[in-house]
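Reader: Hi! Could you walk me through this one while I have it open?
Author: Happy to, here it comes.

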Amino acid sequence: MVGCDAESKARSLIAQGGIFKASVDTQPGLTGKAAVEAIGKLIAGGSVAQYTTVPVKTVTS
């Protein structure tokens with residue numbers, strides 16, 4: 001079983017070695033940083049890409 005957001009409960013279940021094997025850390029801090037940077041560019045009269053990619057991490061332990 002795999003989940004999303006790599007919350008502390010998910011990390012605990014993964015560490016127990018049961019059926020829960022992995023989770024994806026969507027890195028909300030990086031997502032927020034990218035959003036703030038994009039907003040800053042727009043406020044300054046610039047443009048931003050239609051899509052922004054934020055890397056995620058796979059948590060398996």
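Author: What follows is a short chat about the sheet, a loop residue and the salt bridges.
Author: Before we start, this is a predicted model, where local features need pLDDT of at least 70, side-chain atom pairs count only at pLDDT 80 or more, and totals for chains, interfaces and linings use all residues. Residues are numbered from 1 along each chain as its sequence is written, and side-chain values use heavy atoms, with hydrogens and water left out.

Reader: Thanks! In what order do the strands of the sheet come?
Author: The order is β1-β2-β3, in an open sheet of three strands with mixed pairing. Strands (E, at least two residues) and helices (H or I, at least four) are DSSP runs numbered from the N terminus, and two strands pair if DSSP finds at least two bridges between them.

Reader: Which strands stand at the edges?
Author: β1 (2-4) and β3 (57-59) do; each has a single partner strand, so one side of each is left without a neighbour in the sheet. On average, neighbouring strands are turned by 25° against each other, direction ignored.

Reader: And how many bridges join β2 to β3?
Author: Three, with β2 (residues 22-25) and β3 running antiparallel. Asp25 has Lys57 in β3 as its bridge partner.

Reader: What packs on the sheet?
Author: Helix α1 (residues 8-16), which touches β2 and β3 and makes about 145° with the direction of β2. Contact means heavy atoms within 4.5 Å; axes are lines fitted to C-alpha atoms, for helices over the stretch in contact, with angles from 0 to 180 degrees between N-to-C directions.

Reader: New topic: what is the phi of Gln27?
Author: Positive, about 50°, although Gln27 is not a glycine. Most residues other than glycine have a negative phi. Gln27 lies in the loop between β2 and α2 (28-43).

Reader: Is Gln27 buried or exposed?
Author: Buried, with a relative accessible area of 15% (buried is under 20%, exposed over 50%, partly exposed in between, with a 1.4 Å probe and protein chains only).

Reader: Which residues meet at 4.0 Å?
Author: Lys33 and Glu37. Both lie in helix α2, four residues apart, about one turn of the helix.

Methods: A salt bridge is a side-chain nitrogen of Lys or Arg within 4 Å of a carboxyl oxygen of Asp or Glu.
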